[in-house]
Amino acid sequence: MPNPICENLESINERIRNACHGCGRDLDEITLVAISKTKPVSDILEAAECGQRHFGENKVQELTDKLDEIERTDLIWHMVGALQTNKIKYLAGGIHWIHSIPKIKALKEVEKRAKQAETPINVLIQVNISGEGQKSGCDPEELDDIIEYAKDLRYTHIRGLMGIASLVDDQEEVRPEFKLLHSLKEKYSGTDSTKIQMDQLSMGMTNDLEVAIEEGATMLRVGTAVFGNRNYQ
Ligand SMILES: *Cc1c(COP(=O)(O)O)cnc(C)c1O
């Protein structure tokens, strides 16, 4: 029996290859983060069997439960969901990337906990690019202060920006949102600090990954196309 998750991964990787080819980008610049929220550990292990290494979750409890259960040490874990500051302590030391830091208070806590765990952590600042009130992320105008603050952190490595585009049927509608995030990344990529690298742009999901690649995404967060539909968020 062919493994459906492997087949899904093959077709996503083909979508990624085609999109890169179409806009002249190098495939090596793109990381596929498989978003396994609500899915069982067995699905994650199946994906890992077919070579997938980066996985993401959107809830702290679910992520730490899965980390406890999965014994493989070769997987790279990403937290991509809205994060209460008081839960950051559960992530330090266990995961490699947090995509969803929208404010200085959260950065401060990441630094404190990463220092305690003596494990540096890669962070993306989440920006609200859809303009919708209920979506998390900072406003573009708040980035100046956040980046300035982050310059002096030791265990927190700012690696770029993350955004969630509006949920629409036509991919073209989200292009301006991705362009905005890309331009913000460029704006801060010259920041003079060794702790601020700005080499990553986390944008693009199942429905809009082609446009995201065309607009400069380096990390795609793809759930449904890897693991199938979810019954709940
Ligand atoms: C669920 C989720 C995704 C994946 O969405 P799909 O449409 O299933 O690919 C990406 N990013 C975040 C923050 C998510 O919560």
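Colleague: What should I know before we start?

Modeller: It's a predicted model, where local features need pLDDT of at least 70, side-chain atom pairs count only at pLDDT 80 or more, and totals for chains, interfaces and linings use all residues. Residues are numbered from 1 along each chain as its sequence is written, and side-chain values use heavy atoms, leaving out hydrogens and water.

Colleague: What makes the protein chain as compact as a globular protein of its length?

Modeller: We start from 8 helices and 8 strands, which are DSSP runs (helices H or I, at least four residues; strands E, at least two) numbered from the N terminus. The radius of gyration is 17 Å, close to the 17 Å that the globule rule gives for 233 residues, so the chain is as compact as a globular protein of that length. That radius is taken over C-alpha atoms, and the rule is 2.2 Å times the number of residues to the power 0.38.

Colleague: How do you know which residues of the protein chain count as buried?

Modeller: Buried means under 20% relative accessible area, exposed over 50%, partly exposed in between (1.4 Å probe, protein chains only). By that cut-off, 52% of the 233 residues count as buried.

Colleague: How many of the residues lining the second largest pocket are charged?

Modeller: The lining divides into 7 nonpolar, 5 polar and 3 charged. Asp, Glu, Lys and Arg count as charged, Ala, Val, Leu, Ile, Met, Phe, Trp, Tyr, Cys and Pro as nonpolar, and the others, Gly among them, as polar. H1 gives the largest share of this lining, 6 residues.
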